[in-house]
Amino acid sequence: MNVVTEIDRERMLSLLREGKREDGRGFDDVRPIQVKQNLISKAEGSAEVWLGESRVIAGVKIQVGRPFHDTPDEGVVITSAELLPMASPTFELGPPGEEAIELARVVDRGIRHSDAIDRSSLCIKAGEHVYMILVDLYVLADYGNLIDTASLAAVAALMDTKLPKVEIDETGEATITEDTIPLQMGPPPLTITFAKIGEHLIVDPSLKEGEVMDARLSIAFDGDDTISSMQKYGTSPFTHQEVTDMVERGSKIVKKMRKQLPSR
Amino acid sequence: MKPLSEKTSEEKTPLIDSKGLRTDGRKLDELRPIKLEVGNLSRPDGSAYIEHGRNKILAAVWGPRELHPRHLAISDRALLRVTYRMATFSVSDRKRPAPSRREHEISMVVRQALEPMLFTELYPRAAIDVFITVLEADGGSRCASTTVASLALADAGIPMRGLVAGVAAGKIDGKIAVDMNDIEDKIGEADLPVVMSSERGEITLLQMDGKLTPKELAQALRMAEDGIHQIHEMQKKVLYEKYAKIREEVGEVSQDTYDDILDDDLVEDVATDAPVEEEKPKKSETKRKRTTKAKKTDDDESEKEKSKPAKPRKRAKPKEEETS
């Protein structure tokens with residue numbers, strides 16, 4: 001840890017001890033959310049999301065492909081993420097690094113293990129043709145908490161997705177037609193991230209808070225308040241009590257966030 | 001599996017209808033709608049966004065900044081690096097995430113289209129990084145990318161000889177047309193992407209594929225030149241608007257301080273659209289600075305500069321008539 005971060009951390013801690021944050025938010029306050037959908041006409045679904053100033057664009061492409069051997073009657077949903085060098089001076093070109101891969105996998109798990117998308121509904125012909133839903137996330141501006149921003153973008157893009165109808169001819173070849181139906185989706189999973197700085201747990205860490213934090217925990221909640229995935233990051237430990245505390249607070253915050261999502 | 005948008009029937013549909021209009025209702029010499037924004041991203045040193053037809057492209061500039069890895073440093077000027085990348089969802093068939101040969105080549109030609117406009121010799125050993133992300137692609141994305149990257153460089157405050165803008169001309173159904181869209185680009189007879197500095201009359205990117213007679217080429221180039229001139233005016237307008245806005249904001253705090261910082265005449269020159277007068281003082285200023293830093297390049301630079309003002313003057317005349 002460098003000197004500047006150490007000074008920032010001290011300043012942050014003294015604020016937190018007074019119950020304050022650098023941008024005036026309360027510990028459980030999420031930054032303002034802005035969602036724009038259907039902006040890329042060549043994508044089957046798209047959305048741009050701002051969480052405070054953090055900004056992620058998500059695009060969904062639909063392909064028809066072979067199912068995995070162990071799930072012959074289920075479609076495939078794959079999420080990947082790229083941290084564009086324009087999003088932060090520390091992001092560099094090249095194959096996705098640790099940070100981008102973690103981001104993609106956490107968002108992917110949040111969606112994959114929720115009940116939002118019934119993957120058996122994505123089956124066209126068992127064992128042969130299924131829909132493959134490819135969600136690609138591009139981080140345009142990093143002002144902290146990319147996991148929650150990217151999750152929201154992925155969910156908003158999926159909610160905007162039109163599934164093209166597929167025809168299968170006598171030879172068994174699948175052709176994508178121009179007719180579409182909206183992708184069937186239940187209440188989407190929403191991810192909320194807590195940062196631990198000292199003994200304080202704050203929600204939706206800003207860029208500065210993310211730099212000085214000791215650990216973070218991201219929790220994805222399904223529509224019915226069940227947890228669909230979690231991810232701890234950082235070398236500092238959490239106590240059992242802290243985890244329970246975050247789940248309890250997170251579930252309340254997510255309920256509020258849900259109201260800010262566009263309805264279908 | 002057949003892709004979504006390309007039906008075989010489309011290949012037989014004419015690109016020009018009986019009224020002489022193109023598939024999107026344009027005339028042969030008409031540009032697609034263009035929307036420009038400056039400072040769209042807040043983290044980079046400079047940024048811009050363009051919608052050109054259905055192209056949606058973001059450009060960001062970092063720098064001049066420290067160059068990594070250091071062995072790439074050039075001792076007498078900055079290294080300009082340009083990266084053109086397409087989002088996976090920017091095209092009908094999902095693009096693979098890894099950079100393609102096409103993206104590498106476009107990065108190179110766009111870099112070479114931008115570099116002649118920069119005073120890179122002011123920043124020896126530094127890096128100027130330009131990142132271009134195509135969010136949605138239509139025909140002519142390399143030209144639109146150069147247009148938007150040039151704006152982003154200006155937004156980053158990097159000293160420039162001028163702006164560049166690009167548009168493709170080409171041949172569809174036997175006729176020369178400007179600003180090819182996706183279908184025209186794919187099934188037309190020729191495609192001629194051009195990037196140039198409208199004020200300086202310099203072409204900095206030129207590619208072609210298809211078939212054109214020398215006469216057609218001359219006509220296509222002329223059309224592209226006219227199109228570029230129109231885009232150049234839009235570039236100047238959007239840059240001016242951004243700084244007029246900043247001026248208003250700063251003016252509220254203290255008009256006096258602001259007047260000291262910024263010379264009034266310079267802003268008005270841009271507003272009244274007099275590129276020749278505006279260019280000159282800028283150039284001589286930067287040149288003076290440069291002489292102390294890079295003596296070597298000074299000689300050939302001054303030669304270039306002698307030969308240049310003649311051309312813009314020719315182009316500037318009709319411009320003023322149009323606007324007045």
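**Where the chains meet, and what lies behind**

Tutor: Let's begin with the polar side of things: between chain B and chain A there are 15 residue pairs in polar contact, with both residues at pLDDT 80 or more. On the chain B side, strand 3 (55-66), strand 4 (79-86) and strand 5 (126-136) each supply at least two of the residues that touch chain A. Strand 3 of chain B gives the most, with five residues. Sort the residues on that side of chain B by type and you get 14 nonpolar, eight polar and 11 charged. Bear in mind that this is a predicted model.

Now for the interface as a whole. In total, 33 residues of chain B are in contact with 35 residues of chain A. The area buried between the two chains is about 3,000 Å², and carbon and sulfur atoms give 59% of that. As for salt bridges, the rule finds two across the interface of chain B and chain A. One of them pairs Asp182(B) with Lys42(A), whose closest N and O atoms are 2.7 Å apart.

At the strand 1 end, five bridges tie strand 1 of chain B to strand 2 (residues 46-52) of chain B, and the two run antiparallel. If you want a place to look, Leu36(B) has Ile50(B), in strand 2 of chain B, as its bridge partner.

The peptide bond from Gly63(B) to Pro64(B) is cis, with omega near 0 degrees, and Pro64(B) sits in strand 3 of chain B. Further along, a cis peptide bond joins His68(B) and Pro69(B), with omega about -5 degrees; Pro69(B) is in the loop between strand 3 and strand 4 of chain B.

Over in chain A, there's an open sheet of four strands in the order 10-9-11-12, with antiparallel pairing. Its edges are strand 10 (200-203) and strand 12 (227-233) of chain A, each with a single partner strand, so one side of each is left without a neighbour in the sheet. The twist here averages 20 degrees from one strand to the next. Six bridges join strand 11 (residues 215-221) of chain A to strand 12 of chain A, running antiparallel, and Ser229(A) in strand 12 of chain A is the bridge partner of Ala220(A). Helix 5 (residues 240-260) of chain A lies across strand 9 (190-197), strand 10, strand 11 and strand 12 of chain A, at about 135 degrees to strand 9 of chain A. Helix 2 (residues 98-112) of chain A lies across strand 11 and strand 12 of chain A, at about 160 degrees to strand 12 of chain A.

Key: Residues are numbered from 1 along each chain as its sequence is written. Chains are lettered from A and ligands numbered from 1 in the order in which they are written. This is a predicted model: local features need pLDDT of at least 70, side-chain atom pairs count only at pLDDT 80 or more; totals for chains, interfaces and linings use all residues. Side-chain values use heavy atoms; hydrogens and water are left out. Contact means heavy atoms within 4.5 Å. Buried area is the accessible area (1.4 Å probe) that two parts lose on being put together, summed over both. A salt bridge is a side-chain nitrogen of Lys or Arg within 4 Å of a carboxyl oxygen of Asp or Glu. A polar contact is a pair of N or O atoms within 3.5 Å; within protein, one must be able to donate a hydrogen and the other to accept it, and residues adjacent in sequence count only if both atoms are side-chain atoms. Ala, Val, Leu, Ile, Met, Phe, Trp, Tyr, Cys and Pro count as nonpolar, Asp, Glu, Lys and Arg as charged, and the others, Gly among them, as polar. Two strands pair if DSSP finds at least two bridges between them. Axes are lines fitted to C-alpha atoms, for helices over the stretch in contact, and angles run from 0 to 180 degrees between N-to-C directions.
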